[in-house]
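Thanks, everyone. Please put the sequence and the model up on the screen. I will walk through the fold, then a few backbone details.

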Amino acid sequence: MRVLHLPNNAASQISTLVRAQRSIGLDARGLVIDPHVIQTSEGIRFIAPIEPHMGWVRRRWQAVRRLVEIASAVQRADVVHWHS
């Protein structure tokens with residue numbers, strides 16, 4: 001079973017669950033927006049935040065790339081857990 005955890009790694013919850021689910025044989029992954037230095041990041045892929053100082057065209061392009069990455073990860077997963 002493929003499990004995906006999105007989008008906030010509050011209190012390292014996503015990374016803890018990903019490690020635990022992998023230890024019992026699940027294909028668990030995390031996809032997190034805005035990583036934090038204090039939190040652990042094992043088993044998680046980060047999506048770069050949209051840079052506010054860039055021009056509007058480049059910000060839109062970054063937003064589209066983020067949506068495509070998230071949509072492909074969700075499409076691949078059997079189960080999606082949303083953490084907020």
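Where is Ser-12 found? Ser-12 is in the loop between strand 1 and helix 1. Hold that loop in mind; I will come back to it.

Ground rules. This is a predicted model, where local features need pLDDT of at least 70, side-chain atom pairs count only at pLDDT 80 or more, and totals for chains, interfaces and linings use all residues. Residues are numbered from 1 along each chain as its sequence is written, and side-chain values use heavy atoms, with hydrogens and water left out.

Overall picture. The chain has two helices and four strands. Those are DSSP runs, numbered from the N terminus: H or I with at least four residues for helices, E with at least two for strands. From the N terminus, the order is β-α-β-β-α-β. Along its principal axes, the C-alpha trace spans about 45 × 30 × 20 Å. The accessible surface is about 5700 Å², and carbon and sulfur atoms hold 59% of it. That area is Shrake-Rupley with a 1.4 Å probe; for residues, only the protein chains shown count as cover.

How much of the chain is buried? Of the 84 residues, 29% count as buried. Buried is under 20% relative accessible area, exposed is over 50%, and partly exposed is in between, with a 1.4 Å probe and protein chains only. On contacts, take pairs with a separation of 6 or more: residues 24 or more positions apart account for 56% of them. A contact means heavy atoms within 4.5 Å.

Four strands form an open sheet in the order 3-2-1-4, and the pairing is parallel. Strand 3 and strand 4 stand at the edges with a single partner strand each, so one side of each has no neighbour in the sheet. On average, neighbouring strands are turned by 20° against each other, direction ignored. Axes here are lines fitted to C-alpha atoms, for helices over the stretch in contact; angles run from 0 to 180 degrees between N-to-C directions.

Pair by pair. Two strands pair if DSSP finds at least two bridges between them. Strand 1 and strand 2 run parallel and are joined by four bridges. Val-3 has Ala-28 in strand 2 as its bridge partner. Strand 2 and strand 3 are also parallel, again with four bridges. There, Leu-31 stands opposite Arg-45 in strand 3. Strand 1 and strand 4 pair in the parallel sense over five bridges. In strand 4, Val-80 stands opposite Leu-4, and Trp-82 stands opposite Leu-6.

Why call strand 1 largely enclosed? Five of its six residues are buried, so the rest of the structure largely encloses strand 1.

Next, the helices. Strand 1, helix 1 and strand 2 make a right-handed β-α-β unit. Right-handed means this: with the strands pointing away from the viewer, the path from the first strand over the helix to the second runs clockwise. Helix 1 lies across strand 1, strand 2, strand 3 and strand 4, and runs at about 170° to strand 2. Helix 2 packs on the sheet too, touching strand 1, strand 2, strand 3 and strand 4; its direction makes about 160° with that of strand 2.

Which residues of helix 1 are buried? In helix 1, residues 13-23, they are Ile-14, Ser-15, Val-18 and Gln-21. Seen down the axis, these buried residues fall within an arc of 135°, so they line one face of helix 1. The arc is taken from the directions from the helix axis to the C-beta atoms. An α-helix has 3.6 residues a turn, so residues three or four places apart point the same way. The buried residues of helix 1 pack against strand 1 (2-7), strand 2 (27-33), strand 3 (44-47) and strand 4 (79-83).

Most residues other than glycine have a negative phi. Ala-11 has a positive phi, near 55°. Ser-12 has a positive phi as well, near 60°. Ala-11 also sits in the loop between strand 1 and helix 1. Ala-11 or Ser-12: buried or exposed? Ala-11 has 74% relative accessibility, so it counts as exposed. Ser-12 has 12%, so it counts as buried. Just after helix 1, Gly-25 takes a positive phi of about 100°.

Last stop, helix 2. Val-68 is found in helix 2, residues 56-76. Val-68 counts as exposed because its relative accessibility is 53%. The C-alpha atoms of Val-68 and His-53 are separated by 22 Å, with the two residues 15 apart along the chain.
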